[in-house]
Each structure stands twice: as C-alpha cells, then as structure tokens.
Amino acid sequence: MSNENIIECKDLNKYYSGVHALKNLSLKIKKDSVVGLIGDNGAGKSTLIKILSGAHAPDSGHIYFEGNEVKFKSTKEAMNLGIETIYQYSALIPQMSIARNIFIGREQTTFSLGSIGLMKTKSMDKAAMDALNDVELHLRSPDTPVNQLSGGERQGVVIARAMYFKSKVLILDEPTNHLSVKETNKVLRFVEGLKKQGVTSIFITHNLSHVYPIADHLCVMARGEKIADLAKQDTNIDELTDLLVNG
Amino acid sequence: MNTNNLKSILMRPEISTFIMFVVIMTGFFIANENFLSARNIRIVMGITPEYIIVAIGIAILMISGEFDLSVGSVFALVPMTMVQLVHQGIPPWFAIALGLSIGIAVGFVNGFITLRFGIPSFIATLGMLYIARSLTTVATGGFPPPFPHELPNELFVFQFEVFRASLFWMLGVAFIAGIMLHRSNLGNWIYSTGGDTAAASSMGIKTNNVKMFCFILCGFLAGFAGMIQTFRIEAPLPSQGYLLELESIAAAVIGGVSLFGGVGTIFGAAIGAILIRFLESGIIMARIDAEWFRAGLGSLIIISVVFNTWVVRRGENMVHKNQAEENENSPQQNDSVTESER
C-alpha cells in the first residue's frame with residue numbers, strides 16, 4: 001500500500017427525486033489498498049459506486065483520479081481510465097462463453113471497418129485462458145457458457161477480465177452475496193491477489209466478516225453519510241459491528 | 001473430453017432441430033417417395049428462400065431481445081411501393097432502392113418507438129403490422145396493379161435446373177448475416193444486449209444502438225424478401241405475407257432462437273424456415289388434407305420448444321450435479337439479508 005491517493009472524493013451530493021441519497025461525502029482511497037465499504041441496505045453505498053463508476057453524475061462535488069479532477073459521462077470513460085465496476089447481478093451474460101464475456105465491448109478484431117470487425121477468436125480464447133490462470137482460476141475451456149460456472153468461478157472470471165484490461169481500481173459490489181463459504185473464500189483470495197498485482201479494490205458489502213480479514217481500510221456508511229473511516233489497525237471488529245448496527 | 005464435446009454439440013438447439021428435420025423428411029419420403037424428387041424439391045426450394053430471409057432478420061432481432069410483428073406487412077408494402085413507383089415512371093432500379101428504404105424506414109420507426117418510449121416492441125410492431133398493411137392496400141388504389149416488366153425480376157428469381165436465383169441471394173444474405181452474428185464484434189454486442197441488457201450496457205455497449213440496428217436490418221430483409229416473392233409471382237398482391245410474422249417467429253423458435261433473447265443462430269432459423277415449407281409440402285404429398293398443415297405446424301412449434309427446453313435443463317442439471325459434488329463438504333452459508341440496495 002502506498003501513501004498516494006488514487007481516488008479522492010470531495011463533498012459529493014446526490015439526490016434521487018427528492019431523496020438525499022448521498023450527503024457531503026468525502027473519501028480518500030490509497031493506491032494498492034483494499035477498502036471495505038460497509039453499511040446496511042439504503043446507506044448510500046450503491047449511489048457512491050454508481051458515481052465512481054461513471055454510471056451516474058453527482059449533483060455537486062468533485063472527484064479526483066490520480067490527482068486530476070474527472071467528470072465521467074459514461075461507464076466507458078471510467079473504464080478507459082482504469083476504473084472497472086463489478087455489479088452484483090449484471091457483470092456477465094449467462095448464455096455467452098467465458099472468452100466472449102471477457103471481451104464484451106473490447107473485442108480483438110481484424111479487417112475492421114470503423115469500430116466493427118471480425119473477432120480474432122483464437123487469440124481471444126488464448127488470452128481468456130491466460131487471464132483466468134493469472135487469478136489462479138483453472139477452467140476447462142474458454143467456450144464454456146458462463147451459466148455453467150459456480151458463483152465463485154463467475155466472480156473469478158469478472159476479476160480476471162478486470163486484470164486483463166489493466167484496471168487500476170476495481171469496485172466490487174457485494175461480490176460474496178449468495179455464495180457458499182468455500183466460494184466466498186475463493187473470491188476473497190482473488191481480491192487479496194489483486195493487491196499484490198497493484199490493483200486497488202473497493203469491496204462493498206453489508207457482511208463485515210467477509211471484508212474484515214482482507215481490508216486495509218474500512219469505511220462505514222449510514223443514511224447517505226460516511227460515519228467512520230478507519231485504518232484496520234485503529235479499529236476492531238466489535239467497534240465496526242457496533243457502528244454498522246447502531247449507525 | 002471428446003464425448004463431452006460431442007455432447008455439447010448434440011445439445012445445441014439448432015442441431016436437435018436439424019435431427020428433427022431429417023426425421024420428418026424421412027417420414028414423408030416413406031409416405032410418398034416423390035417427396036424428395038427433383039420436381040418437388042424444385043417447387044419447395046423455389047419459394048423457401050423468401051421465408052428464410054425473413055426468418056434470418058427476425059432471428060437476429062430476437063437474439064437482440066426484441067420482436068417485429070410487422071414483417072408480414074412490410075413484405076407486402078415494399079414490393080407494392082416499387083411497382084407503383086415504376087408505374088409513375090420512376091426508373092426501375094431507383095424504384096427498387098426507394099422501396100427497400102421503406103423497409104429500412106419501417107424498421108427505424110419500430111425501433112424508435114420501442115426504444116424512445118420504452119414500450120414493448122411487441123406493441124410497437126403490432127401497431128405497425130396494421131399501419132403498413134393499410135398503407136399497402138391504400139397504395140393499390142383499390143385494385144392490384146399489373147406487374148411492370150421493366151423491373152429486373154429475372155436477376156432475383158431466374159429458374160435454373162432445380163433452384164431459383166433467389167436461393168443464391170438467400171445464401172448471400174445468410175453468409176453475411178452469419179459472419180456478422182457469429183464472427184464479428186457486432187455479433188458479440190447483439191448476443192450480450194439480448195442476453196442481459198443491463199450487463200451489456202455496464203460493459204459500455206450502446207444497447208439501444210445495437211437494437212436499433214437489428215430493427216432496421218429486420219425491416220430491410222422483410223422488404224427484400226417480399227420483393228423477391230412479388231418478382232417470382234409477377235403480381236403485387238396487397239395480401240402478400242399475411243400471417244408471415246407469426247410463421248417467421250415460429251421458424252426462428254423451431255430453430256432454437258430464444259424468445260427471451262441472447263440465444264440462437266442463423267443456421268437454426270434457416271432450418272426452421274425450411275422445415276415449415278417441407279412440412280407443408282409433405283402433408284400435401286402424403287395426400288393428407290392440406291388443412292392439416294396448420295395443425296402440423298402448431299405441433300412442431302410446441303414439440304421443438306419443449307424438446308429444446310428439456311435439452312437445456314438436462315445440461316444445466318448435469319452442471320449443478322457436478323457443483324453439488326464439488327461443494328459437498330462446504331456447508332451453505334446462511335445469509336438472511338439477500339436483497340441488494342437499489
């Protein structure tokens with residue numbers, strides 16, 4: 001973990017049809033760290049990640065990425081800078097193969113006319129397998145449809161995709177929801193591996209016990225506000241649980 | 001590994017449709033051996049390319065997650081426009097270009113209404129079904145016009161020994177569509193848009209543009225196919241393509257295209273369309289009352305979809321069984337809070 005901030009938010013506000021979903025939120029995220037963003041449902045976690053990922057724009061406030069102010073107009077712009085978001089339910093297309101999923105929207109092409117071209121399937125298949133091996137996920141074939149994978153394996157594919165495209169920040173929205181204990185541990189290992197490879201991750205969850213073992217920093221939200229922002233060495237699981245429950 | 005590959009090929013819906021095709025063809029051949037005579041193949045394959053072209057357009061649109069119920073009406077409106085323009089003294093090729101742009105325009109309007117107002121394409125194109133049919137009838141001025149022989153119809157429907165020129169046009173369309181859908185990145189976007197629109201757009205796919213492209217392509221192909229039919233029978237009829245929208249959806253579904261988007265192939269849709277035409281011919285050749293065709297088609301739709309669903313379930317069950325074995329020793333976690341915040 002370095003002392004440099006990769007993302008800094010200042011006084012972000014967001015309203016949804018009159019509801020103040022995010023209130024003066026400021027947050028600093030250090031490079032190469034794992035940040036646990038915890039809070040109960042409706043705490044504003046999703047609003048925050050939608051803003052960081054470029055899906056929604058804040059009504060006021062500033063975002064700095066690697067020291068420069070950024071204003072994202074689309075998720076594509078955020079992805080091009082290296083901020084990749086993994087949404088809980090909508091990260092992969094179930095009927096499509098692993099390789100096709102990894103390259104959605106970023107296919108390797110040849111004979112291109114404008115942005116349309118023939119896909120280099122062989123090279124994409126190989127790159128997909130290499131990317132999976134890099135996150136220690138060993139699957140049989142890049143042609144396997146994603147709906148034949150377990151929940152943990154799917155998260156592995158998504159993380160491999162983010163790694164392959166050299167993401168600097170990975171935002172994971174409830175990556176361990178609906179997973180068995182064994183599968184959850186797999187995902188936690190993937191996230192730990194990210195830190196070693198120089199990727200910052202923001203791990204959103206309402207389950208403190210999942211993120212606590214691997215987080216460097218913990219940020220607790222309630223009612224659209226940040227109510228605590230602590231380095232792991234300055235806190236403990238009881239204090240955090242208390243914050244989470246009593247807000 | 002090899003048996004797994006074989007299994008995964010056999011479990012593809014278009015392959016099971018192909019097997020069904022072979023079985024049905026064999027059955028009709030046993031009933032009447034003239035069924036597979038050059039003469040009968042010539043008759044059936046003379047008309048089939050038109051239906052395949054429409055089914056290809058419908059299949060691509062359905063894979064992207066939308067419907068078009070107006071194809072039957074566009075199938076009549078486009079050639080009617082061409083014929084009437086030629087009668088107005090417009091040069092034939094220019095009339096063809098204008099006619100085909102009507103198909104494109106209808107596709108665009110279908111897409112625009114569906115996407116701009118966020119209504120189901122089923123409704124938008126149901127409206128268009130009536131509008132385009134009405135326009136076709138109005139364009140006749142009350143009486144079907146004669147076919148103008150300035151139009152270069154031989155280029156599209158010339159009768160060779162067994163096949164018509166339309167077969168080669170259809171093969172061209174299928175080849176280009178197949179490359180686009182199965183080999184190009186645009187195809188990847190179409191599958192992802194239909195498979196899960198939210199996921200595709202979170203990956204930066206402009207899903208509305210992808211759908212709009214498919215609507216336009218579908219309208220264009222329906223008009224192009226209608227033109228071929230009018231050129232073949234040399235009579236522009238306002239009733240042409242009546243109920244074709246349902247038959248095209250049937251062809252796509254029989255060929256393994258999913259009603260929910262994201263699944264299907266060009267080959268499957270083509271086989272579905274061929275199967276319907278041979279079913280019709282086979283029933284006549286077997287000296288069954290031709291009124292039974294619709295009952296046969298209905299049964300075919302139900303049987304093929306039930307069969308495809310069963311095959312997919314079987315595939316999924318096998319996977320779940322494997323996963324269950326893998327996770328046998330890890331107890332399932334009890335997480336009472338499962339709803340995500342929105």
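These legends walk you through a few close-up views of a predicted model. Local features are described at pLDDT of at least 70 and side-chain atom pairs at pLDDT 80 or more, while totals for chains, interfaces and linings use all residues. Residues are numbered from 1 along each chain as its sequence is written, and chains are lettered from A in the order in which they are written.

**View 1. Chain B is built from helices.** Chain B has 14 helices and zero strands; here helices (H or I, at least four residues) and strands (E, at least two) are DSSP runs numbered from the N terminus. Of its 342 residues, 46% are buried, meaning that 20 or more other C-beta atoms, placed from the backbone, lie within 10 Å of the residue's own. Two residues are in contact if their C-beta atoms, placed from the backbone, lie within 7 Å. Among the contacts in chain B with a separation of 6 or more, 76% join residues 24 or more positions apart.

**View 2. Six strands of chain A form an open sheet.** Follow the order E6-E9-E10-E3-E11-E12 in chain A, where the pairing is mixed; two strands pair if DSSP finds at least two bridges between them. At the edges you will find strand E6 (83-86) and strand E12 (225-231) of chain A, each pairing on one side only. On average, neighbouring strands of this sheet are turned by 15° against each other, direction ignored. Strands of a sheet pair through backbone hydrogen bonds, either parallel or antiparallel.

**View 3. Two helices pack on the six-stranded sheet of chain A.** Strand E9 (residues 169-173) and strand E10 (residues 200-205) of chain A are joined in the parallel sense by five bridges, and Leu172(A) stands opposite Phe203(A) in E10(A). Helix H1 (residues 45-52) of chain A touches strand E3 (34-38), E6, E9, E10 and strand E11 (217-222) of chain A, and its direction makes about 150° with that of E9(A). Helix H6 (residues 181-196) of chain A touches E3, E9 and E10 of chain A, at about 155° to the direction of E10(A). Axes are lines fitted to C-alpha atoms, for helices over the stretch in contact, with angles from 0 to 180 degrees between N-to-C directions.

**View 4. Four strands of chain A make an open antiparallel sheet.** Their order is E2-E1-E4-E5. Strand E2 (19-30) and strand E5 (68-70) of chain A each have a single partner strand, so one side of each is left without a neighbour in the sheet. Neighbouring strands here are turned by 25° against each other on average, direction ignored. Eight bridges link strand E1 (residues 5-16) of chain A to E2(A) in antiparallel fashion, and Cys9(A) stands opposite Leu27(A) in E2(A).

How values were computed:
A residue is buried if 20 or more other C-beta atoms lie within 10 Å of its own, exposed if 12 or fewer, and partly exposed in between; C-beta atoms are placed from the backbone.
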